[in-house]
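Colleague: Could you take a close look at the ligand site for me, and at the sheet that goes with it?

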Amino acid sequence: MTGEGNARGLLTVVSAPSGAGKNTVIAEILRLRPGLYFSVSATTRPPRQGETDAVSYHFVTRGEFTALIDAGELLEYAEYAGDLYGTPKREIIDNLGCGRDCIMDIDVQGARSIREKIPEAVTIFLTVSGIPELERRLRARGTDSEEKLQSRLAIARGELREAELFDHIVINDDVSRAAREILDIMDKAKNERNDA
Ligand code: 5GP
């Protein structure tokens, strides 16, 4: 499903409240669809245990992030829980241009900007049954201070209210099922585009 003919690649945007298991679902999608390009964002957030620079994120200082903004190198960026996150423009534009499908994991504000800039993008909101389940998962992850955790939950409440603005909502009660559901959505979007 990637790199076919001269057609542009399909861009899929996945947003999820913190704790919904988005990283695990995206890792499963990439395992099942190795040709898919995952957009590695830049962030000023410090790396968590197990995260690798240039794979999970490009970990940068605030000064470096500001330089990326000033040089026009970010397709979009947003502040989330006190840190900056942004999508490098060049990689996405080049990959889509040569027909490779791309997937990005960005917050709800970022999804809003992408919808304006690339209206043909498919937007997916990945979530779980509700705030108590998110809180349970965030506490189990154990990577955030109580203050950061409360800030992530407060943001999640706002994000859940925006879910209906996305093209699709996928419930992550099973990683493999959620990954397959997202791949089905992507395949249908490509088929519909090819038939149009
Ligand atoms: P985390 O710190 O949990 O990795 O990510 C926090 C939030 O930032 C998540 O909602 C994630 O999707 C979002 N995020 C990651 N990269 C980007 C990006 O490039 N742009 C925007 N707008 N949000 C991002």
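Modeller: Here is a walk through the ligand site, then the sheet.

This is a predicted model, where local features need pLDDT of at least 70 and side-chain atom pairs count only at pLDDT 80 or more, while totals for chains, interfaces and linings use all residues. Residues are numbered from 1 along each chain as its sequence is written, and side-chain values use heavy atoms, with hydrogens and water left out.

Around the ligand sit 17 residues, the closest being Lys22, Arg45, Tyr57, Tyr85 and Asp105 (a residue counts if one of its heavy atoms lies within 4 Å). By type, that shell splits into six nonpolar, four polar and seven charged residues (Tyr counts as nonpolar, Gly as polar, and Asp, Glu, Lys and Arg as charged).

Now the polar contacts (pairs of N or O atoms within 3.5 Å). Asp105 puts a polar side-chain atom 2.5 Å from a ligand oxygen. Of the 510 Å² of accessible area the ligand has on its own, the protein covers 96% (Shrake-Rupley method, 1.4 Å probe).

On to the strands (DSSP runs of at least two residues, numbered from the N terminus). E5 (74-80) and E6 (83-88) each supply at least two residues of the shell. The open sheet has four strands in the order E4-E3-E6-E5, with mixed pairing (strands pair if DSSP finds at least two bridges between them). E4 (58-59) and E5 are at the edges with a single partner strand each, so one side of each has no neighbour in the sheet.

Notes
Polar contact = N/O pair within 3.5 Å; in protein donor to acceptor, adjacent residues only side chain to side chain.
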